[in-house]
Amino acid sequence: MLLSDFDYYLPEHLIAQFPPAVRGGSRLLHLPAAGGLHDRQFADLPSLLRRGDLLVLNDTRVIKARLFGQKDSGGQVEVMIERVLSEYEALAMVRASKSPKPDSWLQFGEHRAQMLAREGEFFHLRFAAPVLDVLEAAGQLPLPPYIEHRPDGEDAERYQTVFAREPGAVAAPTAGLHFTEAMLATLAEQGIAHARLTLHVGAGTFQPVRVENLAEHRMHHERYRIPPETLAAIAATRAAGGRIVAVGTTSLRALEAACQTGDFAAPEGDTDIFITPGYSFRAVDALITNFHLPKSTLLMLVSALMGYERMQAAYAHAVAAEYRFFSYGDAMLLERC
């Protein structure tokens, strides 16, 4: 398929710049396996799932991944952490009038980092103090490029899921932003359990696809881990006839990546899985997700799950009905046919 196959018209005013007034107060577009489109509220989710279903949540925590500072020469520099490699090292995208050279130093207030080497489009940095400590002290929350305001106190709370616990993401797993502790408790009371995995979302999730022929596109790598207790919960759910419901495309990518060489044969590792129409799903029966950007790999993933024509119809309906789009926007519940 071609990149242009995944374009659609989106009025700018439908791009949500702020979260809803109350967490979970979003709309929900339901696409059941039997067909059709149903306008609901996210609060209706417990009535749309079945006793015995298992929600799989991504418990990654967004770090303050954007740093502003100076080079040794005094020139301004902006650093966006892509991935924390170890306690003191990270891969990052760097914006400056001239790229920093190997062995040069970058200064962020009281903190320093040395540029070790260039690795493709990224820079390998070694910090003088633990990376996460530096980011917490000197970094800014990395809101997506389509959100136009500077991050503030509300973003610090609302651009983080209530179940976030493993620091490492530079973008939120946004389908999880709709959930509250009360919602999770209600689901549990109805026999709908949840389990966790970790996939640290990288800045590459916002990079545009630059080729028209999708067969030529190469995905960015992201690190994931599915713990043994989640694998056990999945096995028990399947044995009882329940469905595996991924909360967000990041959870789906981790689950499907784990099954590429066998049934959850790779519960931990790096993945560059690229899911497009025609893909055979091995792990996931349904998906809760937000609405995705035109021409994005996530829109291609959704099209693979629900079918290309259904995706076109759903997005046309969402635009006409003025759903709110992207990270702070409304949600969809998609069931595989």
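Helix α8 lies across β1, β2, β16 and β17, and runs at about 155° to β1. The model is predicted.

Nine strands make up an open sheet with mixed pairing. Their order is β2-β1-β17-β16-β14-β3-β12-β13-β15. β2 (38–41) and β15 (268–271) are the edge strands, each pairing on one side only. On average, neighbouring strands of this sheet are turned by 25° against each other, direction ignored. In general, strands of a sheet pair through backbone hydrogen bonds, parallel or antiparallel. Strand β13 (residues 222–225) and β15 are an antiparallel pair, joined over four bridges. Arg 223 has Asp 270 of β15 as its bridge partner.

**Helix α7**

How many residues of helix α7 (residues 297–306) are buried? The count is 10 of the 10, so α7 is largely enclosed by the rest of the structure. The buried residues run from Thr 297, Leu 298, Leu 299, Met 300 and Leu 301 to Val 302, Ser 303, Ala 304, Leu 305 and Met 306. Their cover includes strands β1 (27–31), β16 (286–290) and β17 (331–335). Helices α6 (249–258) and α8 (308–320) are also part of that cover. After α7 comes Gly 307, with a positive phi near 100°.

**Nonpolar cores**

The largest nonpolar core holds 66 residues. Tyr 159, Leu 255, Phe 325 and Met 332 touch the most other members. Elements giving two or more residues to this core are the strands β1, β3 (54–58), β12 (193–199), β14 (244–247) and β17, with the helices α6, α7 and α8. Which element gives the largest share of this core? It is α7, with seven residues. In soluble globular proteins, nonpolar side chains tend to be buried together.

A second, separate core has 22 residues, including Leu 67, Ala 90, Met 115 and Leu 125.

**Two buried loop residues**

Gln 160 sits in the loop between α3 (153–158) and β11 (166–169). Is Gln 160 buried or exposed? Its relative accessibility is 8%, so Gln 160 counts as buried; the cut-off is under 20%. A polar atom of the Gln 160 side chain lies 2.6 Å from the backbone nitrogen of Val 62. Beyond neighbours within four places in sequence, Gln 160 is in contact with Arg 23, Arg 61, Val 62 and Leu 177.

Pro 100 belongs to the loop between β7 (89–96) and β8 (105–108). At 7% relative accessibility, Pro 100 also counts as buried. Not counting residues up to four places away in sequence, Pro 100 touches Lys 71, Val 94, Leu 106, Met 115 and Phe 123. One of these, Met 115, is in the second core.

| C-alpha pair | Apart along the chain | Distance |
|---|---|---|
| Pro 100 and Ala 34 | 66 residues | 55 Å |
| Gln 160 and Leu 57 | 103 residues | 13 Å |

**The whole protein**

The protein has eight helices and 17 strands. Of its 337 residues, 53% count as buried. A compact globule with 337 residues would have a radius of gyration near 20 Å; the protein has 20 Å, which agrees. Along the principal axes, the C-alpha atoms fill a box of roughly 65 × 45 × 40 Å. Among contacts with a separation of 6 or more, 73% are between residues 24 or more positions apart.

Technical notes. Residues are numbered from 1 along each chain as its sequence is written. This is a predicted model: local features need pLDDT of at least 70, side-chain atom pairs count only at pLDDT 80 or more; totals for chains, interfaces and linings use all residues. Side-chain values use heavy atoms; hydrogens and water are left out. Buried means under 20% relative accessible area, exposed over 50%, partly exposed in between (1.4 Å probe, protein chains only). A polar contact is a pair of N or O atoms within 3.5 Å; within protein, one must be able to donate a hydrogen and the other to accept it, and residues adjacent in sequence count only if both atoms are side-chain atoms. Contact means heavy atoms within 4.5 Å. Two strands pair if DSSP finds at least two bridges between them. Axes are lines fitted to C-alpha atoms, for helices over the stretch in contact, and angles run from 0 to 180 degrees between N-to-C directions. A nonpolar core is a set of buried Ala, Val, Leu, Ile, Met, Phe, Trp, Tyr and Cys residues joined through side-chain atoms within 4.5 Å. The radius of gyration is taken over C-alpha atoms; the globule rule is 2.2 Å times the number of residues to the power 0.38.
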